Amino acid sequence: MEGRKLRDMFGSETKPGTEAEEGRNTMSQAGPVTETSSRAEGVAAPARLAKTLEAKEVNLYYGDFHAVENVNMTIEPNKVTALIGSSGCGKTTFLRSLNRMHELTPGASVKGSIQLDGEDVYAGGVDPVAVRRLIGMVFQQPNPFPTMSIYDNVAAGLNFNSGKMRKNEKDEIVERSLRGAHLWDEVKDRLGRPGSGLSGGQQQRLCIARATAVSPEVLLMDEPCSALDPVATLAIEDLIGELKKEYTIAIVTHNMQQAARASDNTAFFNLDESGKPGHLVEIGPTDEIFTKPKKKETEDYVSGRFG
Amino acid sequence: MTPPPAQAATLSTRSLLSGEGSRGGSLPSWAPWGAFVGALAFCGLVEAALGWFTIALMVVFGALVAILAIYAWSRPIEGARRAKDRAVTMAIVAAFGVAMAPLVSLLYEVLTRGARGISWEFFTSDARGVVGGGGAAHAIVGTLIITACAVVIAVPIGIMAAIYMNEYGRGPLRRALTFFVDVMTGIPSIVAGLFAYALFELFFGPGIRMGIMGSIALTVLMIPIVIRSAEEVLKIVPNHLREASYALGTPKWKTIVKVVLPTAFAGLVTGVMIATARIIGETAPLLVTTGVVDSLNTDPFQGRMQNLAVYAYNEYRSPGVMKQASYDRAWAAALTLIAIVMILNVIARLVYRRYKTEIR
């Protein structure tokens with residue numbers, strides 16, 4: 001990533017890098033990996049190698065309530081990882097812990113570690129604000145800022161956090177982000193109009209443009225299509241397929257067809273009964289999870305027989 | 001109430017649709033007005049016959065009779081449910097009328113009496129060295145200066161306190177603050193005045209009178225109102241907007257400055273205007289802090305300063321040689337005060353309409 005080291009991005013006092021990290025960083029700069037995957041048949045060529053997100057023995061709590069138990073999983077770079085499972089099993093909670101949004105809920109706490117290319121985002125000295133700059137998020141309800149125009153919504157992250165920036169540079173990023181979100185042609189003539197005037201599907205794509213404008217490494221999506229109609233949903237799914245060329249994507253969904261259509265890997269979460277913590281049942285390539293899952297539980301869920 | 005199935009089958013669909021106990025008819029559209037006017041006339045006649053006719057009694061009894069009348073009229077034609085609906089509607093409209101009556105009467109009195117005292121001189125000259133004449137320019141200017149100073153002090157403190165309470169505060173400290181803000185809302189205004197007087201007396205000695213003292217007293221009254229209204233407005237800024245901002249890697253303070261406050265702007269302005277309107281007519285705390293004076297003073301840090309409420313009070317208390325002229329000026333001052341409050345309200349509404357954000 002342009003030679004920037006993770007610990008520099010996280011700021012102050014992270015541990016000195018180990019051999020393994022150095023290796024990973026070199027890998028992410030080097031061409032070969034990109035080239036091999038671009039040569040592979042049927043796989044979209046990554047425009048750049050994004051970062052890997054790895055959860056290790058993650059336990060999440062709301063006060064005394066144990067919400068998610070002992071999750072170990074890897075969210076692979078430049079792939080879409082879908083998190084599926086019944087309501088209340090902790091998918092969204094887990095997703096929010098990945099960019100340290102979980103701790104914004106009063107009383108919420110995290111045990112275990114979540115590593116972005118080997119650096120623990122929960123380590124002491126890591127600034128949660130810096131983590132969220134690298135790991136962006138798109139929410140269930142489209143939530144453009146109601147006081148801002150379409151342009152300012154996309155540029156919000158830059159305006160808030162990047163200091164002074166030249167106008168044409170900003171214009172360029174806004175246009176690129178809107179094109180990336182497949183929204184440019186629909187809004188290019190009314191960039192000054194309020195973002196809340198768009199349709200639900202357009203608003204959600206606006207939110208995706210806003211999230212990508214600050215060029216994060218990872219994009220987390222929390223049921224991004226649940227408030228949208230099927231046409232808008234399809235547009236977002238296509239977009240997700242495009243976005244994985246540049247970003248690592250994790251998406252929570254209740255729609256199993258969506259997981260099957262849009263994701264490369266699928267993680268199935270479940271809970272034994274309500275009041276018990278949710279846990280990861282299994283994770284694997286999407287077609288395997290849907291056709292020959294290793295666990296009976298998963299098979300029951302994906303084929304529609306619950307419990 | 002539910003008829004047995006056998007009976008239900010015999011009822012026609014038409015009678016089921018028009019409701020229980022109804023003959024399927026409905027009253028003419030003028031029925032509520034008709035009932036009200038009829039009831040008024042009836043009560044007026046009865047009272048006249050008994051020999052103790054007054055308009056107020058006629059209206060009060062008329063409203064009560066109208067409620068009964070519309071029920072009795074509607075019951076056999078429209079059925080029980082719609083009759084009750086009509087009676088309750090009538091009762092609610094009557095209650096609204098009762099609530100509005102004093103307000104309308106007050107406005108009428110202030111307008112008719114105040115208009116007599118309004119003149120060019122009233123707005124342009126002060127009352128220095130004038131016997132039984134002069135204007136209220138010094139009081140108008142004083143009111144504006146004292147209130148403006150109070151607003152300048154109270155609004156930042158109030159809004160920042162509200163931000164603390166809504167965005168940062170947690171646990172016992174927050175609860176204690178909420179409690180004390182509630183207590184402060186109920187402080188009698190004279191206590192605020194005495195507080196300001198005592199505070200300044202510590203530094204400047206007894207008998208001190210300054211415009212800014214009045215502003216401090218008004219600030220004490222205004223801060224809790226601003227906090228309360230700002231807190232309510234901040235509370236309705238949806239959390240998903242804050243989260244959207246955090247997810248872009250925005251620190252909390254910047255999220256508040258760039259997202260929360262702009263979203264709440266229209267509501268904050270309305271709250272400030274309401275608080276301003278609430279304090280601009282205060283009399284008691286200003287009597288003990290800014291004092292009574294006849295000449296124009298534009299320096300809030302030096303000497304006594306007149307304001308409209310105290311001016312009105314004083315014109316009535318010590319009318320001087322031409323009593324009626326003094327009384328007229330007192331009413332004119334009241335009218336001016338109401339006009340200022342109304343202008344503030346109109347501005348607040350315009351700002352609200354211009355800047356309100358659709359919050360889902």
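Guide: Strands are DSSP runs of E with at least two residues, numbered from the N terminus. In this predicted model, A:Ile251 belongs to one such run, strand β8 of chain A, which covers residues 248-252. A residue counts as buried if 20 or more other C-beta atoms lie within 10 Å of its own; A:Ile251 has 26 within that distance and is therefore buried. Apart from neighbours within four places in sequence, the contacts of A:Ile251 are A:Val80, A:Ala82, A:Met221, A:Pro224, A:Ile240 and A:Ser263. A:Ser149, by contrast, lies 27 Å from A:Ile251, C-alpha to C-alpha, at a separation of 102 residues in sequence.

The sheet around this residue comes next. Strands of a sheet pair through backbone hydrogen bonds, either parallel or antiparallel. In chain A, ten strands make up an open sheet with mixed pairing, and their order is β5-β4-β1-β2-β10-β9-β3-β8-β7-β6. The edges are taken by β5 (119-120) and β6 (135-138) of chain A; each has a single partner strand, so one side of each lacks a neighbour in the sheet. Elsewhere in the sheet, strand β9 (residues 265-271) of chain A runs antiparallel to strand β10 (residues 278-285) of chain A, and seven bridges join them. Within β10(A), A:Gly278 is the residue opposite A:Leu271.

A helix covers part of this sheet. Helix α9 of chain A, residues 200-213, lies across β6 and β7 (218-222) of chain A, and its direction is at about 170 degrees to β6(A).

Some of these elements also take part in the contact with chain B, where 24 residues of chain A meet 19 residues of chain B. On the chain A side, at least two residues each come from α5 (128-134), β6, α6 (150-161) and α9. That side of chain A comprises 13 nonpolar, eight polar and three charged residues.

Within chain B, helix α4 (residues 55-78) packs against helix α5 (residues 80-117) at an angle of about 160 degrees, the axes being 7 Å apart. Because of that angle, α4(B) is roughly antiparallel to α5(B). Their crossing is right-handed. Among the residues that meet are B:Ala63, B:Ile67 and B:Tyr71 from α4(B), and B:Ala83, B:Ala87 and B:Met90 from α5(B). The contact of α4(B) with α5(B) consists of eleven nonpolar residues, one polar and four charged.

Key:
Residues numbered from 1 in each chain as written. Chains lettered and ligands numbered in written order. Predicted model: local features only at pLDDT ≥ 70, side-chain atom pairs only at ≥ 80, totals over all residues. Axes fitted to C-alpha atoms, helices over the stretch in contact; angles between N-to-C directions. Helix = DSSP H or I, 4+ residues; strand = E, 2+ residues; numbered from the N terminus. Parallel < 35°, antiparallel > 145°, perpendicular 65-115°, else oblique. Left-handed = near helix turned anticlockwise from the far one by under 90°. Contact = placed C-beta atoms within 7 Å. Nonpolar A, V, L, I, M, F, W, Y, C, P; charged D, E, K, R; others polar. Pairing = 2+ DSSP bridges. Buried ≥ 20, exposed ≤ 12 C-beta atoms within 10 Å, placed from the backbone.
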